Amino acid sequence: MANQSVPFDDLDRKIVAALVANARASFTEIGAAIGLSASAVKRRVDRMRENDVITGFTTTVRPAALGWRTEAYVEVYCDSAAPPRRIAEVVRDYPEIIAAMTVTGGADALLHVMATDVDHFEEVLERIRAEPFIRKTISYMVLSHLLTGSPEAGATPATPPTQ
């Protein structure tokens, strides 16, 4: 019964906020923080997972810790025959592409690329440009992060405010 509209109350919001802040928090820890038993938290998490409210759990890693110190955004301009699903198929083959989205404006897609250095980035860019439906790319190298607490800067997500 995934993708149905399901009730989502304030306790669900608090559970989601706790999981966003720390996906490894136990049901007991979450329950203690919001005033529910561990079993009630588990039932709610299970329901939210079954209904695609919670779609997974993840780990945030600081890219520089892995040696990925070069960062860029790449605008991708495609031939008219490249639907978003085709772009998605291609970008999945590049571990260096950490985010990809279709966008409004002149470009068809925007890619967030991480690489070990400029040579590595250039090699990735050449492979992207070699895709048969790519007409052109425009790249923007990241010099510094102005919002150092953002996920793009490799920061862990901030704890959302409780309501």
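Tutor: The model is predicted, so local features need pLDDT of at least 70 and side-chain atom pairs count only at pLDDT 80 or more, while totals for chains, interfaces and linings use all residues. Residues are numbered from 1 along each chain as its sequence is written, and side-chain values use heavy atoms, with hydrogens and water left out.

Start with the layout. The chain has five helices and four strands. Here helices (H or I, at least four residues) and strands (E, at least two) are DSSP runs, numbered from the N terminus. Read from that end, the order is α-α-α-β-α-β-β-α-β. The radius of gyration is 20 Å, well over the 15 Å that the globule rule gives for 163 residues, so the chain is more spread out than a compact globule. That radius is taken over C-alpha atoms, and the rule is 2.2 Å times the number of residues to the power 0.38. Along its principal axes the C-alpha trace spans about 55 × 35 × 25 Å.

Of the 163 residues, 31% count as buried. Buried means under 20% relative accessible area, exposed over 50%, and partly exposed in between (1.4 Å probe, protein chains only). Contact means heavy atoms within 4.5 Å. Among contacts with a separation of 6 or more, residues 24 or more positions apart account for 69%.

Now the part itself: helix H3, residues 38-50. Take its packing against H2 (residues 27-34). Their axes are 8 Å apart, at an angle of about 105 degrees. Axes are lines fitted to C-alpha atoms, for helices over the stretch in contact, and angles run from 0 to 180 degrees between N-to-C directions. H2 and H3 are therefore roughly perpendicular to each other. The scale is simple: under 35 degrees is roughly parallel, over 145 roughly antiparallel, 65 to 115 roughly perpendicular, and the rest oblique. From H2 come Phe-27, Thr-28, Ile-30 and Gly-31; from H3 come Ala-38, Val-41, Lys-42 and Val-45. These residues divide into five nonpolar, two polar and one charged. In this scheme Ala, Val, Leu, Ile, Met, Phe, Trp, Tyr, Cys and Pro count as nonpolar, Asp, Glu, Lys and Arg as charged, and the others, Gly among them, as polar.

Next, H3 against H1 (residues 10-21). Their axes come within 11 Å and cross at roughly 85 degrees. That makes H1 roughly perpendicular to H3. H1 supplies Leu-11, Asp-12, Ile-15, Val-16 and Leu-19, and H3 supplies Val-41, Arg-44, Val-45, Arg-47 and Met-48. By class, this contact has seven nonpolar, no polar and three charged residues. Note Val-41 and Val-45. They take part in the contact with H2 and in the contact with H1.

One more residue of H3 deserves a look. Ser-39 lies in this helix. At 41% relative accessibility, Ser-39 counts as partly exposed.

Follow the chain out of H3. Asp-52 sits in the loop between H3 and strand S1 (70-78). Asp-52 has a positive phi of about 60 degrees, although it is not a glycine. With a relative accessible area of 37%, Asp-52 is partly exposed.

For contrast, go to the loop between helix H4 (84-91) and strand S2 (97-102), which holds Pro-95. Pro-95 counts as exposed, at 62% relative accessibility. Asp-12, a residue of the H1 contact with H3, is 83 residues from Pro-95 in sequence and 33 Å away in space, C-alpha to C-alpha. Glu-96 lies in that loop too. At 7% relative accessibility, Glu-96 counts as buried. Residues up to four places away aside, Glu-96 touches Trp-68, His-112, Val-113, Met-114, His-120, Val-124 and Arg-127.
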